[in-house]
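The following note sets out comments on the structure shown below.

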Amino acid sequence: MHQVKISDDIFHVGVNDRRSERFENYWPLDKGIAYNSYLIVDEKIALLDTLERAFIDEYIDNIKNVIGDREVDYLIINHMEPDHSGAIRAIVKEFPNITFVGNKKTFPMLESFYKFTENTLEIKDGENLSLGKHNLQFHTIPMVHWPETMVTYETTTKTLFSADAFGSFGALNGGIFDDELDLSYYEEEMMRYFTNIVGKYCPHTQKALRKLDGLEIKTIAALHGPIWRSHIDMILEKYEKWSTYQSDKGVVIVYGTMYGNTEKMAETIARQLAVRGVKNVRVYDASKTHPSYIISDIFKFKGFIIGSCAYNNEMFPTVETLVNKIKHMGIKKKSLGVFGSFAWNGGGVKNLMKFAEDIKWEVVANPVEEKGSLKEDKFQQCVDLANAMADQLEAEFGA
Ligand SMILES: Cc1cc2nc3c(=O)[nH]c(=O)nc-3n(C[C@H](O)[C@H](O)[C@H](O)COP(=O)(O)O)c2cc1C
């Protein structure tokens, strides 16, 4: 096996994972995932991040394919999450004299996860480390996506080792560069990766983007997904758009139902949106579709209409899980509608309106709450809710 050279003296030594069902044991991996790791072979050899411990044998082989009997001098730790630090113990076993390079937040984590306290080289924000011909410059980007996260900019090839930033779900199917791939295959996976993993940290992403503004970047080597070299503007623009919560004309409708009454209300609202010319309408049953996909679509579209039946004085459990996740992520700049069905004292709509208060999105119309099955009066209110949302979208995006 030959490792792919991504630039002068820089090699990809990552692996694909098409076996794991979920990332972080939560987010579905329909198309797998790549764990990227990189080697710079110079007077000194640097390894940039490691990977998941399940792939240690393949990983060590990949490194040896490139450097033969030479030693790795430095392990640059851009990110300590175990999908990138999981092979550290194996690397130390293989290269006992290796020096860990990180910032002041890296090393307490290194100790807490792997008990390593020695052979550390602490670098400061903006500091450089020469490997010989190549020069590494470190920039901290806290909370994109952990406190210790940093990026490493290799100044001679203008390669940005970007940690989790600009990453994507999806294994790399032969092609590893953006121009070797059909990017439309990765589009949803990129968005899902950003929204699910980094999406809670949009303000931090904005700070990181401003910090990187001054760098001339020829290659972005992220820790997951394609390596960017031909579509750098595109990925930067997408990150700018997503991290400022800019969205497109469209509505996501989600409902939690046991016996179909709330679903009927969702269907009514969806139909009226279509009648009003809203083409991007996504309707999801919260018990069927994982929050991963729904959250991605919420970032994508301006409108969000959520319904729940009453369930033991509460929202339906899968709706509750979703709205809690949305609240914790602090998603902003959405237009909201609420609906639901009940039989005696309610619980669904009431609690969804508490969510509306907490999240502070613009509520486009009064909530619609039906007792039992959908009847004429509330049918009309569902239509009115859809119309209010359509009006709001037209005002912002045009007809
Ligand atoms: C397990 C269970 C718990 C319920 N709890 C409540 C409740 O706390 N308050 C209420 O008004 N209705 C409650 N209901 C009634 C349903 O909310 C009501 O039948 C509603 O129409 C169901 O909507 P759906 O068809 O969308 O599931 C409950 C029903 C079930 C089966």
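1. The model is a predicted one, and the remarks below should be read accordingly.

2. Strand 13 also pairs with strand 12 (residues 128-130); the two run antiparallel and are joined by three bridges. Within strand 13, Gln137 is the residue opposite Asn128. Strands 12 and 13 form a hairpin, with four residues between them. In its turn, Gly132 has a positive phi of about 130°.

3. Which residues of strand 13 lie on its covered face, and which on its uncovered one? In strand 13 (residues 135-140), Leu136, Phe138 and Thr140 make up the covered face, whereas Asn135, Gln137 and His139 make up the uncovered one.

4. Elsewhere, an open sheet is formed by seven strands in the order 1-2-7-8-9-10-11, with mixed pairing. Strand 1 (5-7) and strand 11 (120-122) each have a single partner strand and stand at the edges, so one side of each lacks a neighbour in the sheet. On average, and ignoring direction, neighbouring strands of this sheet are turned by 25° against each other.

5. Within the sheet, strand 7 (residues 38-41) and strand 8 (residues 45-48) run antiparallel and are joined by four bridges. Leu48 in strand 8 is the bridge partner of Tyr38.

6. Helix 1 (residues 56-67) touches strand 2 (10-12), strand 7 and strand 8, and its direction makes about 20° with that of strand 7. Helix 4 (residues 106-114) touches strand 10 (99-102) and strand 11, and its direction makes about 130° with that of strand 10.

7. Is Lys327 buried or exposed? Lys327, in helix 10 (residues 317-329), counts as exposed because it has 12 C-beta neighbours inside 10 Å, and the class takes in residues with 12 or fewer. Leaving aside residues up to four places away in sequence, Lys327 touches Phe355, Asp358 and Ile359. Its C-alpha atom is separated by 23 Å from that of Ser168, a residue 159 residues apart from Lys327 along the chain.

Methods. Residues are numbered from 1 along each chain as its sequence is written. This is a predicted model: local features need pLDDT of at least 70, side-chain atom pairs count only at pLDDT 80 or more; totals for chains, interfaces and linings use all residues. A residue is buried if 20 or more other C-beta atoms lie within 10 Å of its own, exposed if 12 or fewer, and partly exposed in between; C-beta atoms are placed from the backbone. Two strands pair if DSSP finds at least two bridges between them. Axes are lines fitted to C-alpha atoms, for helices over the stretch in contact, and angles run from 0 to 180 degrees between N-to-C directions. Two residues are in contact if their C-beta atoms, placed from the backbone, lie within 7 Å.
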